[in-house]
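Biologist: I have not seen this structure before. Please take me through it step by step.

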Amino acid sequence: MSQLLPNIRNAARALILKQEKVLMLRKEDREGFRYALPGGGQETGESLKETLLRECVEEIGCEIRIRELLHVADYFRPRSTNPPTVRHMVEFLFICEVPDDYEPCNGSNPDKHQVDVVWADLEELSRLPIFPKSLVANLLGMQGKSGHVYLGSVK
């Protein structure tokens, strides 16, 4: 049985869409590869927007424009620790933009295991290993629609 760690971790993520593509980080480790949206953990004293601006410069080498909050979700992320633990995270997903001439590249301080930044075709998302898995359904289901901001607990 996994132990739930104290302290909830807030994270801000950027949903950047361009011509039926979404900007994703490609990560590799001993278990293989996966994709994730740019962004990361909020530091003490930082607003969510400051977190997202900093994380995007570090990960995708670009200053983004934050448009609006799309959704908020709780994630319970298993961690590879001994004994096993689970981290409770609250993710804030913002719709963002990059400059028209942006070319995907790693920023000055990429995430652990980050090897690349890519434009992924929206229609290919269901076939890609993405964390969190529920992101694919949410991305494909929300295009051009407004809905519930709080998604609850997702996997």
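This is a predicted model: local features need pLDDT of at least 70, side-chain atom pairs count only at pLDDT 80 or more; totals for chains, interfaces and linings use all residues.

Modeller: In its largest pocket, strand β6 (residues 65–79) gives the largest share of the lining, six residues.

Biologist: What is the volume of the largest pocket, and which residues are closest to its centre?

Modeller: The volume of the largest pocket is about 1500 Å³. It is lined by 44 residues. The closest to the centre are Lys 27, Arg 34, Arg 77, Pro 78 and Phe 131.

Biologist: How many residues in the lining of the largest pocket are nonpolar, polar and charged?

Modeller: Sorted by class, the lining includes 17 charged residues and nine polar ones. The nonpolar residues in this lining number 18.

Biologist: What percentage of the residues are buried, and what share of the contacts join residues at least 24 apart?

Modeller: Of the 155 residues in the protein, 44% are buried. For the contacts, take those between residues at least 6 apart in sequence. Among these, the share that joins residues at least 24 apart is 68%.

Biologist: How far does helix α1 reach from its first C-alpha to its last?

Modeller: Helix α1 covers residues 48–60, which is 13 residues. At 1.5 Å a residue, 18 Å is expected. The helix comes close to this, with a reach of 17 Å.

Biologist: Which residues of α1 are buried, and what covers them?

Modeller: The buried residues of α1 are Leu 48, Thr 51, Leu 52, Arg 54, Glu 55, Cys 56, Glu 58, Glu 59 and Ile 60. What covers them includes β2 (9–18), β3 (21–29), β5 (39–41), β6, β7 (85–97) and β8 (114–121).

Biologist: Which residue follows α1, and what is its phi?

Modeller: The residue after α1 is Gly 61. Its phi is positive, near 65°.

Biologist: Is Tyr 35 buried or exposed?

Modeller: Tyr 35 sits in strand β4 (residues 32–36). Leaving aside residues up to four places away in sequence, Tyr 35 touches Met 24, Leu 25, Arg 26, Val 118, Leu 128, Pro 129, Ile 130 and Phe 131. A residue under 20% relative accessible area counts as buried. Tyr 35 has 9%, so the term is buried.

Biologist: Are Gln 19 and Glu 20 buried or exposed?

Modeller: Gln 19 is in the loop between β2 and β3, and Glu 20 is placed in that loop too. Neither is a glycine, yet phi is positive, about 50° for Gln 19 and about 65° for Glu 20. Exposed means over 50% relative accessible area. With 71% for Gln 19 and 57% for Glu 20, both are exposed.

Biologist: Is the peptide bond from Asn 82 to Pro 83 cis or trans?

Modeller: Pro 83 belongs to the loop between β6 and β7. The omega of the bond from Asn 82 to Pro 83 is near 0°. The bond is cis.

Terms used
Residues are numbered from 1 along each chain as its sequence is written. Side-chain values use heavy atoms; hydrogens and water are left out. On a 1 Å grid over the protein atoms alone, a cavity is a set of points where a 1.4 Å probe fits but cannot get out, and a pocket is an open set with protein on both sides within 12 Å along at least five of seven lines; lining residues have an atom within 4 Å of a point. Grid points are joined across faces, edges and corners, and a volume is the space filled by probe spheres set on the points. Helices (H or I, at least four residues) and strands (E, at least two) are DSSP runs, numbered from the N terminus. Ala, Val, Leu, Ile, Met, Phe, Trp, Tyr, Cys and Pro count as nonpolar, Asp, Glu, Lys and Arg as charged, and the others, Gly among them, as polar. The expected span of a helix is 1.5 Å times one less than its number of residues. Buried means under 20% relative accessible area, exposed over 50%, partly exposed in between (1.4 Å probe, protein chains only). Contact means heavy atoms within 4.5 Å.
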